[in-house]
Amino acid sequence: MSTGGPTPPGKPQAHALNCPGCGAALTVRSFNNAVTIVCDSCHSILDAKDPNLKILQQFKAATGKDRLVIPLGTRGKIRGIDYEVIGFERRTIHVEGVAYSWHEYVLFNPYKGFRYLTEYDGHWNDCSTLKALPEIVSFSSPPKVKYLGETYKHFQTARASTSFVLGEFPWQVRVGESVEVSDYVSPPRVLSSEQTGNEVIWSMGEYMLGKDVWKAFRLPGSPPVAVGVYENQPSPRSGEAKSIWRTFAFFLLALVILMIGFDLAASKDQVFTGYYRFDSNKRGEASFVTDDFEVKGHASNVELTTSTDVNNRWIYLNYALINEATGQAFDFGREVSYYHGYDSDGSWSEGSANDTVAVPRVPPGRYYLRVEPEGDVGNGTTYYTITIKRDVPQYSFYGIALGALLLPAIVFSWRALSFEHLRWAESDHPVITSGDDE
Amino acid sequence: MMRVLYVLYGMAVLVGLSVAEYQGWSLTRISEVKNVPRSVRDNPGSYRSVYSSYHHYSGGK
């Protein structure tokens with residue numbers, strides 16, 4: 001792409017000429033701003049600056065291979081300014097023996113000059129040449145450039161050749177000519193440099209949706225469906241993931257506030273404690289009941305802690321927390337076991353001599369505890385203490401809530417990363433994962 | 001749209017957590033038994049826990 005300042009005519013109108021090659025009528029839409037004109041009939045590339053329209057090149061083109069989805073002469077509004085499509089070219093790069101082609105439409109406004117629309121697999125970019133050079137960021141990998149405070153990452157460098165042209169161009173276009181094209185991306189923008197010898201031309205493109213192009217040029221039908229992820233296609237997932245993480249941060253703060261609040265509000269009253277012994281060698285009824293105790297406040301949990309002296313053995317305690325007045329019982333069993341030793345892997349331990357359990361939604365009232373200890377004959381005597389507290393915060397709920405809040409944020413991030421993975425898979429800097437090696 | 005759904009979901013999680021904490025829910029399996037006879041107070045052996053003779057762990061590594 002190349003452009004100079006436009007030369008506005010007195011009154012915009014098409015100018016008619018004839019092709020010196022075939023005599024076909026030529027329509028010149030950019031007035032004396034065109035440098036080359038391509039004859040649609042004989043595919044002669046003509047020197048628009050020459051009064052006799054000298055033929056610069058003739059090329060053969062397969063008819064119908066390049067269907068212009070925006071016909072030459074179509075007018076549309078880009079960024080609020082009227083433009084007319086005056087030229088079209090197909091450019092091709094070869095990567096690992098595979099040809100990739102894209103289309104470029106040259107747009108012209110007599111007062112604003114030229115801009116370009118590019119299309120690849122249904123992905124569109126609105127491009128214009130830069131008036132200032134981007135700054136190359138030193139020692140960066142992948143290479144980066146900065147322009148207007150924005151950093152662009154190198155995406156791909158390839159040799160692009162012009163394989164088909166039609167209409168008018170503000171530069172000396174030739175079929176077969178090639179330039180080195182480097183793209184640097186910062187979605188939704190892309191900076192492209194085109195180098196021919198010592199001359200480098202920079203342009204900036206901004207991603208456009210096909211439906212916006214169709215709307216701008218009032219084209220019939222619907223645009224071709226975009227295939228895959230394009231180099232500067234804005235990720236719909238990226239913004240989503242960032243927004244979800246910001247919301248997650250808010251929820252995390254709320255979670256911490258809730259935890260502190262409930263911890264401060266919880267009574268954590270110790271309502272009972274008793275010290276007992278159990279001789280597993282002794283036959284007979286082992287069950288007993290404790291003294292009664294008062295459980296106050298609204299219906300909430302009670303936390304029962306069993307502290308024992310088990311050492312390489314176990315004790316099982318059947319508990320029933322019984323309401324004296326209503327006969328309602330909360331029945332549960334707790335095994336307390338602690339084992340440790342030493343083997344070829346080193347020292348090991350398993351279990352704990354203490355156990356804590358929360359009994360849910362216990363209404364206020366007077367309660368007693370029925371305790372029935374069990375143990376292996378030969379285990380001997382186990383000493384244990386039972387402590388009951390009322391209204392104790394259960395921190396495991398906070399862990400579950402944290403996981404529940406974190407899960408969607410992780411899923412959104414994963415989806416955003418998948419989008420970026422697809423984007424960079426087509427670049428000179430693909431993201432390598434272990435799965436790609438297979 | 002997704003953010004709105006996440007906000008609603010997160011609020012539901014926090015409300016659920018608050019209800020669980022206030023009402024004193026627990027992750028432990030507890031059986032509720034109605035109308036335990038008063039005689040248990042004097043004769044603890046007359047009540048049999050649903051977890052009585054539960055399969056117990058009986059050894060270390």
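Modeller: Domain bounds, which we need for the opening question, come from an automatic or database domain assignment. This is a predicted model in which local features need pLDDT of at least 70 and side-chain atom pairs count only at pLDDT 80 or more, while totals for chains, interfaces and linings use all residues. Residues are numbered from 1 along each chain as its sequence is written, chains are lettered from A and ligands numbered from 1 in the order in which they are written, and side-chain values use heavy atoms, with hydrogens and water left out.

Colleague: How far apart do the C-alpha centres of domain 1 and domain 2 of chain A lie?
Modeller: The assignment for chain A gives domain 1 as residues 15-234 and domain 2 as residues 267-392. Taken between their C-alpha centres, the separation of these two domains of chain A is 80 Å.

Colleague: Which strand of chain A does β20(A) pair with in the antiparallel sense over 7 bridges?
Modeller: Strands are DSSP runs (E, at least two residues; helices are H or I, at least four), numbered from the N terminus, and two strands pair if DSSP finds at least two bridges between them. Strand β17 (residues 269-279) of chain A is joined by 10 antiparallel bridges to strand β26 (residues 381-390) of chain A, with A:Gln270 partnering A:Lys389. In β20 (residues 300-308) of chain A, A:Leu304 has A:Ile388 as its bridge partner, and the strand that β20(A) pairs with is β26(A).

Colleague: What area is buried between chain A and chain B?
Modeller: Counting contact as heavy atoms within 4.5 Å, the interface takes 65 residues from chain A and 47 residues from chain B. On the chain A side, A:Phe251, A:Asp331 and A:Phe397 lose the most area to chain B, together 14% of what that side buries. Buried area is the accessible area (1.4 Å probe) that two parts lose on being put together, summed over both. Carbon and sulfur atoms give 59% of the total, which is about 4800 Å².

Colleague: Which residue of chain B forms a salt bridge with A:Glu324?
Modeller: A salt bridge requires a side-chain nitrogen of Lys or Arg within 4 Å of a carboxyl oxygen of Asp or Glu, and the count between chain A and chain B is 1. For A:Glu324, the closest N and O atoms are 3.2 Å apart, and the partner is B:Arg41.

Colleague: What is the bridge partner of A:Ala329 in β1(B)?
Modeller: Strand β22 (residues 329-343) of chain A runs antiparallel to strand β1 (residues 31-33) of chain B, and 3 bridges join them. Within β1(B), the residue bridged to A:Ala329 is B:Val33.

Colleague: Where in chain A is A:Pro188 found?
Modeller: Most residues other than glycine have a negative phi, and most peptide bonds are trans. The peptide bond from A:Pro187 to A:Pro188, however, is cis, with omega near 10 degrees. A:Pro188 itself is found in the loop between β14 (178-186) and β15 (189-196) of chain A.

Colleague: What phi does A:His43 have?
Modeller: A:His43 lies in a loop of chain A, between β3 (36-38) and β4 (44-47). Although A:His43 is not a glycine, its phi is positive, at about 55 degrees.
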